[in-house]
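Welcome! Take a look at the structure first, and then we will go through them together.

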Amino acid sequence: MVKVYTIASGKGGTGKTTTSANLATCLAELGKETYVMDADMGMANLGIIMGLEDTPITLHEVLAGNAKVSEAVYEGPYGVKVVPSGISLKGFQNADPDRLRDVMRELIERCEFLIIDAPAGISRDGVIPLAIADEVILIVNPELSSMVDALKTKILTELVGGKVKGAILTRATMENTEVSKQKMEEVLGVKVIGIVPEDQNIRKSAAYKSPVVVKYPDSGAAKAYRRIAANLAGTPYVENQTKDSSRERFIERLARSVFKGKK
Ligand code: ADP
Ligand code: MG
């Protein structure tokens, strides 16, 4: 059975692209036929994180009616298939977001998971990914403003007939986590399906044009993403042996404090 997840949040910079890239890579590593599509057509950066250098045909050309979907599919780490967006503004103007549904229909014939990296905001190209997914995953940072934002995105998703699977709390540290998991679940009315720590390895791996799960597989963020992906895939999560036990203890403490529910 195919599952289509849209990774969304109201604002930019919350970690949607990072999450899309890493979850899709993890699902492919688990042996699932996985596609990840960059529906953030104005700010295309999924392709860059996935290490794609030269992508002459992108979602822009497909949505403009100038290319076939199959021509815009590129291979990333572990065989994950990537449909990048173009970086030209002209291409963006010509792309018709209403065609996204057709692109999705074509892609899901080939895969088990389709991850859609959604744009921020409530423009037309932002709303369509919320409506066409089987389920939307909200990306939330540990601040009240981000939670309010996630709540708006949830309401918007339901307004357009979509469904929210849950929220992922990203960029969590011991200091900045104002909002407990329990409080978040109460306010958002959805489950928190994962917690990804603030981790400088994410930025470092992006500089190498590689998802953190590939470049720094033992990092806290990589482990968090593998755990979430295993959950989505319905396979047991097996923790790798780690050499860095102090970091490990920190992440464990962080997870425990968030899960217990600081009020
Ligand atoms: P969005 O797609 O929502 O705009 P990105 O995934 O591009 O957000 O992330 C925004 C910035 O935050 C990037 O510079 C990224 O490297 C950084 N980032 C994302 N997640 C984390 C994290 N867990 N720890 C540290 N930096 C992060
Ligand atoms: Mg993005």
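Before going on, a word on the model: it is predicted, so local features need pLDDT of at least 70 and side-chain atom pairs count only at pLDDT 80 or more, while totals for chains, interfaces and linings use all residues. Residues are numbered from 1 along each chain as its sequence is written, chains are lettered from A and ligands numbered from 1 in the order in which they are written, and side-chain values use heavy atoms, with hydrogens and water left out.

**Exercise 1. Describe the surroundings of ligand 1.**

Step 1: A polar side-chain atom of Arg-171 lies 3.0 Å from an oxygen atom of ligand 1. A polar backbone atom of Pro-197 is 3.0 Å from a nitrogen atom of ligand 1. Taken alone, ligand 1 exposes 570 Å², and the protein buries 85% of that (Shrake-Rupley method with a 1.4 Å probe; for residues, only the protein chains shown count as cover).

Step 2: List the shell, meaning residues with a heavy atom within 4 Å of the ligand. There are 14 residues around ligand 1, and the closest are Gly-13, Lys-16, Thr-17, Thr-18 and Asp-199.

Step 3: Sort the shell by class. It has three nonpolar, six polar and five charged residues (Ala, Val, Leu, Ile, Met, Phe, Trp, Tyr, Cys and Pro count as nonpolar, Asp, Glu, Lys and Arg as charged, and the others, Gly among them, as polar).

Step 4: Find the elements involved (DSSP runs numbered from the N terminus: helices are H or I, at least four residues; strands are E, at least two). Helix H1 (16–29), strand S8 (191–197) and helix H9 (200–207) each supply at least two residues. H1 gives the most, with three residues.

**Exercise 2. Follow Arg-171 back into the chain.**

Step 1: Locate the residue. Arg-171 is in strand S7 (residues 164–172).

Step 2: Check the backbone. Arg-171 has a positive phi of about 60 degrees although it is not a glycine.

Step 3: Judge the cover. Arg-171 counts as partly exposed because its relative accessibility is 30% (buried means under 20% relative accessible area, exposed over 50%, partly exposed in between; 1.4 Å probe, protein chains only).

Step 4: Look at Tyr-78, which has a positive phi near 60 degrees and is not a glycine. Tyr-78 lies in the loop between strand S3 (74–75) and strand S4 (81–83), and is partly exposed, with a relative accessible area of 44%.

Key
A polar contact is a pair of N or O atoms within 3.5 Å; within protein, one must be able to donate a hydrogen and the other to accept it, and residues adjacent in sequence count only if both atoms are side-chain atoms.
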